[in-house]
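Please read each point beside the coordinates.

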Amino acid sequence: MYDERSPADVLPVQKVYSPEMPSVTTESVLDRFRRVGALLDGHFRLTSGLHSSGFMQCALVLQHPTDAEACGAEIAAKVRELGPQVVLSPALGGIVIGQEVGRALGVRAMFAERQDGKLMLRRGFSLAPGERVLVVEDVVTTGGSTRETIEVARAAGATVVGAAAIIDRSGGQQSLDVPFHALASVSLPTYQPETCPLCAAGQPVVKPGSRSA
Ligand SMILES: [Zn+2]
């Protein structure tokens, strides 16, 4: 959806929208990301091959346990009123933050993982019929893996009371059928290399994480 933007529409990474009022929490979350190099401004070649003016990697925040715990507590504060009894996250990206949300809520946290391409509960994890499940992810982009995780819970007979993430990159397009909360909503436009306005402007492209010696 971002691919057709003209150079004039290029949004810097700092461009953060909030569906409601400007949130102190959103800024504090992104400050947390910037502090550990998990949110970079520039011209990046993403793993997908697309180019972007920003790079975000939640794992670089979550590697710091105190930051992970703080993000978990902030999510828990937003979802506590939903009354979740268990947190379910998709592996791998959702595991650490799911654990921290579970800790803050005082409920157990489990994860679903892929076997033969299909997301499922393994390792003896189980959900009771009617158990109130909160699905937790690190980043929601299309909402696809969140939806898939919701279906895992429903297939087990549980009730999904909501979904939450640290970062919402969907631009409000995740179209989940349960209440959804994110700590920050971020617009990071991506471009096909052939039509990348940053390439057109002659800005060198770098791979995130690569370091010059
Ligand atoms: Zn480019």
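1. Asp138 touches Cys58, Gly93, Gly94, Ile97, Ala165, Ile166 and Ile167, leaving aside residues up to four places away in sequence; contact means heavy atoms within 4.5 Å. Asp138 belongs to strand 6. Helices (H or I, at least four residues) and strands (E, at least two) are DSSP runs, numbered from the N terminus. Asp138 is buried yet lacks a salt bridge, and the nearest side chain of opposite charge, Arg169, is 9.9 Å away. Buried means under 20% relative accessible area, exposed over 50%, and partly exposed in between (1.4 Å probe, protein chains only). A salt bridge requires a side-chain nitrogen of Lys or Arg within 4 Å of a carboxyl oxygen of Asp or Glu. For charge, Lys and Arg count as positive and Asp and Glu as negative, while His and the chain ends are not counted.

2. On provenance, this is a predicted model, in which local features need pLDDT of at least 70 and side-chain atom pairs count only at pLDDT 80 or more, while totals for chains, interfaces and linings use all residues. Residues are numbered from 1 along each chain as its sequence is written, and side-chain values use heavy atoms, with hydrogens and water left out.

3. Six strands form an open sheet in the order 5-4-3-6-7-8, with mixed pairing; two strands pair if DSSP finds at least two bridges between them. Strand 5 and strand 8 (180–185) stand at the edges with a single partner strand each, so one side of each has no neighbour in the sheet. From one strand to the next, the twist averages 25°. Axes are lines fitted to C-alpha atoms, for helices over the stretch in contact, and angles run from 0 to 180 degrees between N-to-C directions. Strand 3 and strand 6 run parallel and are joined by three bridges; Val87 stands opposite Leu134 in strand 6.

4. Two helices deserve attention at this sheet. Helix 3 packs on the sheet, touching strand 6, strand 7 and strand 8, and its direction makes about 135° with that of strand 8. Helix 5 (residues 144–155) also packs on the sheet, in contact with strand 3, strand 4, strand 5, strand 6 and strand 7, at about 160° to the direction of strand 6.

5. Which residues of helix 4 (residues 95–105) are buried? They are Ile97, Gly98, Glu100, Val101, Gly102 and Leu105. Their cover includes helix 2 (58–62), helix 3 (65–79), strand 3 (86–90), strand 4 (108–115), strand 6 (132–140) and strand 7 (159–168). Gly106 follows helix 4 and has a positive phi, near 75°.

6. A second open sheet has three strands in the order 1-2-9, with antiparallel pairing. Its edge strands are strand 1 (39–45) and strand 9 (190–191), each pairing on one side only. Five bridges pair strand 1 with strand 2 (residues 51–56) in the antiparallel sense, and Leu39 has Met56 of strand 2 as its bridge partner.

7. The whole structure holds two aromatic pairs. Rings of Phe, Tyr and Trp (its six-membered ring) pair if their centres lie within 6.5 Å; planes under 30 degrees apart count as stacked, over 60 as edge-to-face and the rest as tilted. Phe44 and Phe55 have ring centres 6.2 Å apart and planes at 45°, so this pair is tilted. Phe44 lies in strand 1 and Phe55 in strand 2, eleven residues apart. Phe44 is buried at 5% relative accessibility, as is Phe55 at 16%. Phe111 and Phe125 form an edge-to-face pair, 5.1 Å centre to centre with 80° between the planes. Phe111 counts as buried at 18% relative accessibility, whereas Phe125 is partly exposed at 26%.

8. Nine salt bridges are found in the whole structure. Asp67 pairs with Arg32, the closest N and O atoms being 2.7 Å apart, and links helix 3 to helix 1 (residues 24–35) across 35 residues. Both Asp67 and Arg32 are buried. Arg32 also meets Glu74 in a salt bridge (3.4 Å, N to O). Arg32 lies in helix 1 and Glu74 in helix 3, so the pair ties together parts 42 residues apart in sequence.
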